[in-house]
Amino acid sequence: MVSRLVLAGALLAVTTTTAFASAEEAERERPYVRHQAPSLLTERKSKSVQIYVQDKPGLASVELWVSGRGASRMESSDEDGWYHGELTPSDGVAELAYAIELVWKDGRREAVFASRKAPYRVLVEDDPEIDVVAELEADVDGRHDVIYGDFVWGNWGSAGTTVLEPSDLGIDVPRRVEVPDRFWTTGIGYRHRFHGAVHHLGLRLEGMRAEVPVQGQLGDEPQARGYNLVRGDLALRWWRYGLLVVEPALGFYGDSAVGGGEVSLRFGRIYGSGLQVGGGWLHGVGGRFFSRVELGGAGTDVPWLRAGSTFAITDAPDPGRWGLQATADLRIDPGAGFTLRARGGYQTRMDGAGGPIVGGGVDYAF
């Protein structure tokens, strides 16, 4: 009887000790992994993995073991307890398998995530969005803000109009005269580059003054016209090198309010070669529809130089009198965030009159 009681007590002690040990094991803090690696199972596409180790006494290092390559030491991060390792594929092989081990000062190794016998398999791929943003940042040397100013002067030549002059017969007779048809615009603006789905956002203050012939009326003096407006500048990136640019405008044209804007699509490297097409309209001022080609810039042997050509059909600043504009321009980046712009070309009205168009500007990015 006594022997049975002793045996029962021993079994109870073993069971209780095991239960307490299990409870202690369950409460013990274990290292855990923060995944930032693409896999067939997980969340984000990048090339890194992090592990948090709460208890450091006796810990010599944390190692990332990759199948076929061996182990490498993980770097400690600014966040206390976190270690960071890279999972960069080599030789064009995107698939790999890894495990994470703690190495103690006594030489003992402890597998805390997967193991060398059963490593965790992942498929390491580049994140296209991360690559695009990094490329855009490199193209502009990390300069996110731009202030700029520009001017354009254009001469449409002259247009014929009719004036009445006295004659020897005592009556006024009509006479054909040529009246100037010209304009000039100036603008200053600010733009912030996000380089995300919203590529940039900005604001521009713009003014235009013009002298246009008075159509269908007698007189030899051109009519003075002009506007002052605020123009928005929003660009959305939907593809690696695709932009949708929206420029709403609101202001005053003489004594009247003016509203409208311009929309365009650009295809090609954003800070390099590309094609842009678009058009717009301002109430009381006229419309403009254009196509533009740019060559050079980022991604070429001359990243500091871009050349472009623009063809446009417009009736601004004299609605109803359409004409064609053909211009060529250069953008030179001498460094330190500055960009110099120059433009020159020719424009002609449908009635045959024509003349030069010139312009330029300067940008500063910081």
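**Entry 1: R269 and D139**

I began with a charged pair and found that the side chains of R269 and D139 meet in a salt bridge, with 3.0 Å from N to O. I then looked up where the partners sit: R269 is in the loop between β15 (256-268) and β16 (274-282), while D139 belongs to helix α2 (residues 128-139), so the bridge ties together parts that are 130 residues apart in sequence. I noted that this is a predicted model.

**Entry 2: E211 and R182**

Next I turned to E211, which forms a salt bridge with R182, and I noted that their closest N and O atoms are 2.8 Å apart. Here both partners lie in strands, E211 in β12 (residues 198-212) and R182 in β11 (residues 172-193), so this pair ties together parts that are 29 residues apart in sequence. E211 is partly exposed, with a relative accessible area of 23%, and R182 counts as partly exposed at 31%.

I then checked R331, whose salt bridge with D363 has its closest N and O atoms 3.7 Å apart. Since R331 lies in strand β19 (residues 323-335) and D363 in strand β21 (residues 354-365), the pair ties together parts that are 32 residues apart in sequence. D363 is buried, because its relative accessible area is 10% and buried means under 20%. In the structure I counted 24 salt bridges.

**Entry 3: T310**

I also looked at T310, which lies in strand β18 (residues 305-314) and is buried, with a relative accessible area of 8%. Its side chain makes a polar contact with the side chain of R292, at 3.0 Å. Leaving aside residues up to four places away in sequence, I listed what T310 touches: R288, F290, S291, R292, Q325, A326, T327 and D329.

**Entry 4: The chain as a whole**

Finally I stepped back to the protein chain, whose secondary structure comes to two helices and 21 strands. Of its 366 residues, 39% are buried, and the chain exposes about 20400 Å², of which carbon and sulfur atoms supply 59%. Among contacts between residues at least 6 apart in sequence, I noted that 53% join residues at least 24 apart.

Key: Residues numbered from 1 in each chain as written. Predicted model: local features only at pLDDT ≥ 70, side-chain atom pairs only at ≥ 80, totals over all residues. Heavy atoms only, no water. Helix = DSSP H or I, 4+ residues; strand = E, 2+ residues; numbered from the N terminus. Buried < 20%, exposed > 50% of the residue type's maximum accessible area, 1.4 Å probe, protein only. Polar contact = N/O pair within 3.5 Å; in protein donor to acceptor, adjacent residues only side chain to side chain. Contact = heavy atoms within 4.5 Å. Areas by Shrake-Rupley, 256 points an atom, 1.4 Å probe, with all protein chains shown as cover. Salt bridge = Lys/Arg side-chain N within 4 Å of Asp/Glu carboxyl O.
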